[in-house]
Amino acid sequence: MPADTASVIVKGIGAYVPARIVTNDELSKTVDTSDEWIRTRSGISERHVADPDQATSDLATQAALAAMADANVSPEDIDLIIVATMSPDMAFPSTACLVQSKIGAGCIAAFDITAACSGFLYALETGTRMLKAGDYRHALIIGAEKMTSLMDWDDRTTCVLFGDGAGAVVLGKSDEPGTGVIDSILRADGERPSLLYMPAGGSARPASAETVANHEHFLKMNGKEIFKVAVRDMGKVALDLLDKVGVKPEEVACFIPHQANIRIIESMVARMGVPMDKFLINIDRFGNTSAASIPIALEEARRTGKVKSGDYVLMAAFGAGLTWGASLVKLT
Ligand code: UT7
């Protein structure tokens, strides 16, 4: 019989970014762009870029091991792995299966979630519900991306914006009510999938010499349209969630928005009426790491003391799909 539990808590947090840093100036040597344009339009100064022999599962594994060390759990303690990614090692098997092997876990449940930049919040909610309802003891929830593997380096409108990295949390159970993952709101609207997509390589348009020649295996984005939707929906879903659970914005210690563009974050700040210094912002150093963006920022918030035990953290994201959502966590 499923074992219900009072709370699902964050027992450990970890992050990993590849060592290589590429600055805007370095990019502008090979792409028709400038440090000034990238910084003023997006807020990005540099990003981490994985080595050619590093795949998403390698980044995910490093973040997972860091989170497990932080939680003081070993591979035998983990019985569920969910990886949120839009840049899996390959279409199948799942990146989560590769991580299961690389961390030396048993033959446990492992699968991927695809919700683009909102993926970590989708995975967090899925893992939380599975722990609450089932026999699972600990879940690894990972957001991991090698976004540079999806970039068209001839397309200056996208290639300057993204970076690589991974972040992870270990979820566990607690008998104490009202702590851990408090609640989430997840949303999707598939009316305009081509606002942010990869045209070829799936069943709709399998790989061919033509799709390769047309650069259809790269990320394509209508930045202006996505910007408008992000500004409208990310702050709203965050406020809707606080309203739903009865927590006031001033009770939240730290807001962690998806790091896609500093101007999107600034408009979210204005909409929510929350002081900017309550927001964790690291887009300048990492760029947009999609599903990894929120857990990388969460790890930084905890490591730098911006959040501590007992604090509410509100995370909000939006991305391809379109998908968007928010999650509220009380750290233990
Ligand atoms: O992770 C979730 C999904 N993604 C996002 O959240 C992205 C949301 N969108 C954005 O962040 C912004 O729309 C961008 C940063 C992508 C673009 O900023 P923008 O202010 O909307 O610029 P724009 O697309 O209107 O382009 C302005 C100009 C254009 O030139 P013209 O047509 O005005 O002559 C572009 O060709 O800037 C040009 N441009 C560049 N110039 C130098 C575009 N990319 C670059 C570049 N360097 N890298």
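## Around the ligand

A polar side-chain atom of Asn261 sits 2.7 Å from an oxygen atom of the ligand. It's a polar contact, meaning a pair of N or O atoms within 3.5 Å. Here it is beside two others of this kind:

| Residue | Distance from a polar side-chain atom to a ligand oxygen atom |
|---|---|
| Asn261 | 2.7 Å |
| Arg41 | 2.6 Å |
| Trp37 | 3.1 Å |

On its own, the ligand has 960 Å² of accessible area, and the protein covers 74% of that (Shrake-Rupley method, 1.4 Å probe).

A quick word on the source: this is a predicted model, where local features need pLDDT of at least 70 and side-chain atom pairs count only at pLDDT 80 or more, while totals for chains, interfaces and linings use all residues. Residues are numbered from 1 along each chain as its sequence is written, and side-chain values use heavy atoms, with hydrogens and water left out.

So who's in the shell? The ligand is surrounded by 22 residues, and the closest are Thr33, Arg41, Lys224, Asn261 and Asn288 (a residue counts if one of its heavy atoms lies within 4 Å). By type, the shell has 11 nonpolar, six polar and five charged residues, with Gly counted as polar.

Two or more shell residues come from each of α2 (35–42), α6 (156–159), α8 (223–245) and α9 (262–272); these helices are DSSP runs (H or I) of at least four residues. The largest share, four residues, belongs to α8.

Domain 1 (3–177) and domain 2 (181–330) both contribute to the shell, so the ligand lies between them. The domain bounds come from an automatic or database assignment.

Definitions and conventions. A polar contact is a pair of N or O atoms within 3.5 Å; within protein, one must be able to donate a hydrogen and the other to accept it, and residues adjacent in sequence count only if both atoms are side-chain atoms.
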